[in-house]
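Here is a short report on one model. Please look at the sequence and structure before reading on.

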Amino acid sequence: MPEIILKNVAKRFGKFVAVENLNLNIESNAFITLLGPSGCGKTTTLRMIAGLETPTEGRITIDGKVVFDADEGINLPPNKRDVGFLFQNYALWPHMTVYQNIAFGLENLKWDKNRIRTRVNELLKMLKIEQFEKRYPSELSGGQQQRVAIARTLAPGPKVLFMDEPLSNLDAKLRMEMRTELKRLHRDTDSTFVYVTHDQLEAMTLSTRVCIMETGVLQQYAPPLEMYNNPANLFVADFMGNPTMNFIDGHIKADGSIEFGGIKAKFAPTSGSQPGDMDVVVGIRPEYIHIDEEGAMQGTVYSTLPSGMETTVKLDVNGTTLTAVVFGDVDYDVDSQVSFSFHKAAVIFEKATGKNVAKGKLIV
Ligand SMILES: Nc1ncnc2c1ncn2[C@@H]1O[C@H](COP(=O)(O)OP(=O)(O)OP(=O)(O)O)[C@@H](O)[C@H]1O
Ligand SMILES: [Mg+2]
């Protein structure tokens with residue numbers, strides 16, 4: 001259950017900065033995801049920890065052992081870091097059975113036959129692929145192949161498991177199933193998981209902590225729900241959650257009176273202090289806008305998207321569009337007038353910097 005520490009890690013390709021001054025403390029037995037849009041430096045970060053890419057600067061420690069230090073010239077190869085990989089293209093050997101695919105690496109490590117048998121059986125059982133032991137990869141579904149690839153990666157018992165978008169080849173249903181399996185697997189092994197994805201839902205649902213990056217710069221490193229409820233800045237707020245948070249330009253005064261999208265309210269901070277006089281962006285999660293008869297505000301229904309479990313409603317409020325999510329199977333007539341209210345917390349971002357300056361209640 002090793003801890004991984006990155007200190008001032010940077011990667012430049014010529015003048016191009018792929019990862020900038022990254023500091024991360026990955027706790028023992030954590031399941032962390034590196035999240036962010038394409039090109040933000042996720043794979044590069046993962047490869048640097050794994051030893052497949054040499055950082056330009058910094059220091060990396062795994063399980064108390066320095067595996068990389070730019071100043072001291074330390075750079076351990078991947079096979080000395082006790083790590084396993086699972087990449088998007090998890091090619092299994094087509095001429096080998098499931099059993100042989102999983103056993104192959106262990107044979108290379110010169111394990112004896114009995115020990116290999118025991119270990120492979122254990123993995124077949126853990127990943128629920130016992131019945132496919134004698135089959136060839138071409139005789140398996142995509143999800144089954146994926147599980148064989150996971151078993152193969154786990155076979156030598158790596159202390160750290162790196163996964164770079166391992167589920168992106170699967171259809172939506174299988175991906176969902178595999179997420180459950182991965183989370184369970186993390187519980188059942190002592191390994192630290194480092195997982196790369198650009199899918200915010202995957203990051204939210206799987207990880208103990210999310211590291212969200214943009215253009216090589218760490219934006220926030222926090223447990224998923226904390227990131228969801230208290231995003232560090234507009235980028236994070238916009239990236240996490242679907243439908244996305246409502247962002248409404250406004251102005252706040254030092255006494256807490258706030259005006260946004262034609263709505264006048266009082267802001268009562270629950271975390272952070274009362275912001276001073278400034279232009280702001282008010283962030284409200286769609287599920288915190290409740291459509292109810294007693295609501296103090298009025299809007300016009302612009303469109304509805306009922307999905308059975310919930311309905312996404314677009315409201316026109318004094319020319320501003322607000323998205324609300326209503327749980328349950330409900331629907332509203334387009335162009336009808338509804339009342340609504342704000343619940344839980346809103347986040348106030350400073351307009352000039354995009355930074356989260358306070359979180360709190362909006363009292364209308
Ligand atoms: N060998 C290289 N030489 C030059 N630039 C590189 C090299 N490898 C990566 N980069 C650049 O570094 C940046 C980060 O790349 P990286 O592969 O880490 O992105 P990513 O976040 O994994 O993106 P994706 O979601 O598309 O996989 C990109 O702009 C990429 O073009
Ligand atoms: Mg990548």
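How are α2 and α4 oriented to each other, roughly parallel or roughly perpendicular?

## Helices α2 and α4

This is a predicted model. In it, the axes of helix α2 (residues 98-108) and helix α4 (residues 142-154) come within 8 Å. They cross at roughly 25°. Angles under 35 degrees count as roughly parallel. The two helices, α2 and α4, are therefore roughly parallel to each other.

The crossing of α2 past α4 is right-handed. On the α2 side, the contact uses V98, N101, I102 and G105. On the α4 side, V148, A151 and R152 meet them. Sorted by class, this contact of α2 with α4 holds four nonpolar, two polar and one charged residues.

## Helices α4 and α5

Helix α4 also meets helix α5 (residues 172-188). Their axes come within 10 Å and cross at roughly 30°. Thus α4 and α5 are therefore roughly parallel to each other. The crossing of α4 past α5 is right-handed.

Which residues make the contact? From α4 come G142, G143 and Q146. From α5 come L174, E177 and M178. By class, the contact of α4 with α5 has two nonpolar, three polar and one charged residues.

## The open sheet

Five strands form an open sheet with antiparallel pairing. Their order is β2-β1-β4-β5-β6. The edges are β2 (16-26) and β6 (74-75), and each of these pairs on one side only.

Within the sheet, strand β4 (residues 57-62) pairs with strand β5 (residues 65-69). The sense is antiparallel, and the pairing runs over four bridges. I60 stands opposite F68 in β5.

## The shell around ligand 1

What surrounds ligand 1? The shell includes F13, F16, A18 and G36. It also includes S38, G39, C40, G41, K42, T43 and T44. H198 is another of the surrounding residues.

The largest share comes from α1, with three residues. By class, the shell around ligand 1 has four nonpolar, seven polar and one charged residues.

Technical notes: Residues numbered from 1 in each chain as written. Chains lettered and ligands numbered in written order. Predicted model: local features only at pLDDT ≥ 70, side-chain atom pairs only at ≥ 80, totals over all residues. Axes fitted to C-alpha atoms, helices over the stretch in contact; angles between N-to-C directions. Parallel < 35°, antiparallel > 145°, perpendicular 65-115°, else oblique. Left-handed = near helix turned anticlockwise from the far one by under 90°. Contact = placed C-beta atoms within 7 Å. Nonpolar A, V, L, I, M, F, W, Y, C, P; charged D, E, K, R; others polar. Pairing = 2+ DSSP bridges. Near = placed C-beta within 6 Å.
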